[in-house]
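Please look over the sequence and the structure before reading on.

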Amino acid sequence: MHDVIRFDKVSFRYPDEENWILEDLSFTVKRGERVVITGPSGCGKTTLLYLCNRLYPDNCDGVMSGSIKLFGKDSLSFIPGEINHRVATVFQDPDAQFCMQTVEEELAFTLENLHVKREEMEKRIREVLDLTNLSEFRYAVIQKLSGGQKQQIATACALIMEPEVLLLDEPLSHLDPFTAKKYVEWLDELQQKRVITIVAIEHRLDLWGDFFERSISLNKKEVTPAFKKRKSSKLSNTSLVASKVQTKSFLQETTFSINQGEIAILAGPNGSGKSTLLKALCQLVPFSGTVEPKLLGYVPQSPEFLFLTKNVRDEVGFGGGNNTEEMIARLQLLPIADSHPFAVSHGQKRRVAIAAMLSDGREVILMDEPTSGQDAKALSELFQLIDERAREGTTFLIVTHDMEFAYCLADSLLLMNDGHLTGKFEAEIVWSDAQLLSDHHLLPPKEVMLREKCFA
């Protein structure tokens with residue numbers, strides 16, 4: 001097998017930074033290999049991918065030393081755009097790579113950039129949609145799709161280029177557990193058919209099984225998150241009430257309540273309406289019905305939409321909180337406290353938004369996929385912070401596909417499917433109901449599976 005990617009003593013830093021984000025890094029990836037890049041949030045994993053696809057150093061004026069070879073040729077010798085159809089990338093935030101309104105237009109736009117003849121476009125668009133099971137979304141407006149659906153569309157856009165190397169930046173982060181498992185199975189089959197080289201960044205490897213042949217760690221001190229199942233801290237008085245909340249486009253009439261200090265997990269398949277419900281509760285989309293209280297803290301899937309200041313410290317303290325420095329320290333934001341919030345990693349952006357909401361003194365906080373992009377240490381601290389705040393009386397409604405995180409935190413689960421709220425359930429009822437889990441594209445947590453195996 002020939003080397004398709006080779007790093008020899010590569011160091012890289014951004015133009016305004018003194019410290020190297022990658023230092024003296026050497027590795028090779030051979031044709032047809034499946035490699036996973038691991039390491040804590042902010043350690044340079046995404047930067048490494050951007051060096052592999054030639055986005056860096058040219059597009060950020062970064063400083064690089066050492067040598068990078070792609071397909072046996074010095075990466076700096078490729079002309080702009082020459083490498084991009086051979087090395088395709090699915091970014092961590094799929095919104096960042098869409099240019100057109102509909103799925104069909106986005107796929108056609110990709111082919112137009114490759115100078116594919118019009119008569120061949122129809123065939124390739126149909127084939128890639130069939131391959132990715134996305135045919136029903138061909139004419140869909142991309143910005144009306146869920147985060148998970150956008151992730152799948154972004155993958156289809158990469159595959160339509162028929163690349164030799166596929167770079168994936170946390171491709172499962174927005175997928176429900178069932179869809180994530182199917183995605184891995186589909187990628188496994190695809191890789192064998194086309195002998196594509198796959199290089200992926202991933203924090204959670206549990207859903208990948210034995211997919212990857214080897215890993216490259218950017219930090220050997222990684223730890224596994226250790227969560228202990230919390231004891232409920234909810235009080236008898238109601239803290240959040242949604243009555244007959246619905247939107248014209250998708251969300252059906254929804255009524256539920258959550259008690260003070262309760263941690264409720266909102267779960268269900270991709271595209272079931274979870275994010276839409278959170279936006280309606282925060283009055284960010286037109287809706288009918290009533291929500292009490294009206295002032296809610298909110299951490300969206302794309303946290304940069306919240307940012308208003310020019311550095312992380314100011315952003316966390318923007319709401320006037322009195323424990324800003326504590327939040328910055330506990331959520332591992334001290335090394336980037338003076339950085340622009342748009343210039344940090346995806347996982348760090350999430351922690352900045354979470355720190356700001358936790359500092360703001362909100363009685364009810366809504367979070368949309370807070371575990372995405374988080375390393376083990378950050379996940380453990382986030383778990384502790386949410387547990388502590390709940391014991392102090394803060395109410396949480398959290399969208400997550402991370403069932404291990406949900407299992408240890410949840411007092412209750414609100415399950416959604418196809419725009420409908422199936423119901424609100426005590427957490428233990430959900431974990432022990434195989435049909436309920438299956439109907440909502442959820443997999444039981446490891447501890448539940450182990451318990452069932454022991455008593456089988």
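How much space lies in the second largest cavity? The answer is about 60 Å³, and the model it comes from is a predicted one.

## Cavities

The second largest cavity is lined by R124, E127, V128, L159, I160, E162 and R194. Helix α3 (residues 118-131) gives the largest share of this lining, 3 residues. By class, 4 of the lining residues are charged and 3 are nonpolar, with no polar ones.

In total, the structure holds 2 cavities of 30 Å³ or more. The largest cavity has a volume of about 210 Å³. Its lining consists of 19 residues, and L172, S173, E202, R204 and T371 are the closest to its centre. Here the classes are 8 polar, 6 charged and 5 nonpolar residues.

## The second largest pocket

The second largest pocket contains about 930 Å³ of space. It has 37 lining residues, with Q143, L145, S275, T276 and K279 nearest its centre. Both α4 (147-159) and α6 (274-281) supply at least two residues of the lining. Sorted by class, the lining of this pocket has 18 polar, 10 nonpolar and 9 charged residues.

## Pairing of strand β10

Strand β10 (residues 238-246) pairs with strand β11 (residues 254-259) in the antiparallel sense, over 5 bridges. Within this pairing, A242 has F256 in β11 as its bridge partner.

β10 is also joined to strand β13 (residues 288-292) by 4 bridges, and these two strands run antiparallel. T290 in β13 stands opposite S243.

Methods:
Residues numbered from 1 in each chain as written. Predicted model: local features only at pLDDT ≥ 70, side-chain atom pairs only at ≥ 80, totals over all residues. Heavy atoms only, no water. Pairing = 2+ DSSP bridges. 1 Å grid on protein atoms, 1.4 Å probe; cavity = no way out; pocket = protein on both sides within 12 Å on 5 of 7 lines; lining within 4 Å. Points joined across faces, edges and corners; volume = space filled by probe spheres on them. Nonpolar A, V, L, I, M, F, W, Y, C, P; charged D, E, K, R; others polar.
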